[in-house]
Amino acid sequence: MADLDIAGLTVPPGTRRRHEIELVELADGTKVSIPLDIINGGEPGPRLYLGAAIHGDEVDGVAILFRALADIDPARLRGSIVCVPVQHPLSFHADHRLPISQFMKSPLDQAPADAWTCFPGAADGNLAQILAATLFDMISKCDWAVDIHTPTRGGRYVPIAILPHPSLGEAHGRAEEMAHAFGSGWIMRTDSGFYVSDGILCVEATRAGVPCFTFETGEGGRLEEEVVDGGASYIQNVMKWLNMIDGDPIPAQQTYVMREFLGLRAQRGGLLFNRAKLGDLVKAGDTLCSIFNIYGDEVETIVAPEDGVFVRTTTLSTVSRGERAATLGLL
Ligand SMILES: [Zn+2]
């Protein structure tokens, strides 16, 4: 087995190292660094990239990763793991989807603002592009990758593996196999919408030959044991499937493979009451949620326009016209 050289760090076989890569120097001289947890196994095998919190309010993913890797024995690991528990430390510091202090200060310089959409990035670009380029340099040296998210605040997903664009060929096929082994029971295989757009982390990783999907689970800004335990076991399923650790993946009892997200927006403002439960199978015409005005009149009932699965709920207590109230996954 050989040393693992990554991001200026040399990790001998059978060892685990924490490390940091400088991302940006702020106006007061403070340096913000990307944290790394690198495990170079004692036995040969694939290299797996695991990343979370490229959006800073998506905390469940951080805990999913440290729990999934807590009991890894470096000497017995087959292959290596490049784990970036907080992919965007400055937005994590803000506890916000974006590094909001930078965005408020210089909004034009911060466009594009969302690093997740800026892959493969640009080392001479703005903060989002520099971050994407720094991460992509590591991702492109791996064999497989998983990018963990939660919805932003006010949204809640079933645990769902969202595949990159199907046009990406053989690497997409391998990403799809990994999503089934992942075992969360929910897979989105779509060719439309922002999750499969050019520039998204998993799309560009897969295009570069590193099969990857986006994993969404839980809720932004919250840390929940059940969500963390589930996510950690799915990550371990991938490691078992890749034969990096011992054991067989725990299969999902049932897997829904969906073809499209259908977001339903409120036409009226008011208080939002969810009527169907997250994960429910619904028929066309079933009520998903109701909107009451502040006097107690029901002003809108949002129904499923077609059969589907209630994959993402809005957990904010109020909505304005035009805000997303519910999302169906179409089978
Ligand atoms: Zn996200």
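Biologist: What makes helix α1 (residues 60–68) count as mostly covered?

Modeller: Seven of the nine residues of α1 are buried, where buried means under 20% relative accessible area, exposed over 50%, and partly exposed in between (1.4 Å probe, protein chains only). The buried residues are D60, G61, V62, A63, I64, L65 and A68. This is a predicted model, in which local features need pLDDT of at least 70, side-chain atom pairs count only at pLDDT 80 or more, and totals for chains, interfaces and linings use all residues. Residues are numbered from 1 along each chain as its sequence is written, and side-chain values use heavy atoms, with hydrogens and water left out.

Biologist: Which elements do the buried residues of α1 pack against?

Modeller: They pack against β5 (43–52), β6, α2 (89–94), β7 (144–149), β10 (212–219) and α7 (225–241). Contact here means heavy atoms within 4.5 Å. Helices (H or I, at least four residues) and strands (E, at least two) are DSSP runs, numbered from the N terminus.

Biologist: Why is S80 called buried?

Modeller: The relative accessibility of S80 is 5%, so S80 counts as buried. S80 is found in strand β6 (residues 78–84). Leaving aside neighbours within four places in sequence, S80 is in contact with L4, I39, N40, G41, P46, R47, L48 and M244.

Biologist: What makes the pairing of the S80 and R47 side chains a polar contact?

Modeller: The distance is 3.2 Å. A polar contact is a pair of N or O atoms within 3.5 Å; within protein, one must be able to donate a hydrogen and the other to accept it, and residues adjacent in sequence count only if both atoms are side-chain atoms. The S80–R47 pair is therefore a polar contact.

Biologist: Why is L278 called partly exposed?

Modeller: L278 has 29% relative accessibility and therefore counts as partly exposed. L278 is found in the loop between β13 (270–274) and β14 (281–282). Leaving aside neighbours within four places in sequence, the contacts of L278 include R156, Y157 and F310.

Biologist: How many helices and strands does the protein chain have, and why is the chain called as compact as a globular protein of its length?

Modeller: The protein chain has seven helices and 19 strands. Its radius of gyration is 20 Å, close to the 20 Å that the globule rule gives for 331 residues, so the chain is as compact as a globular protein of that length. The radius is taken over C-alpha atoms, and the rule is 2.2 Å times the number of residues to the power 0.38. Of the 331 residues, 53% count as buried.
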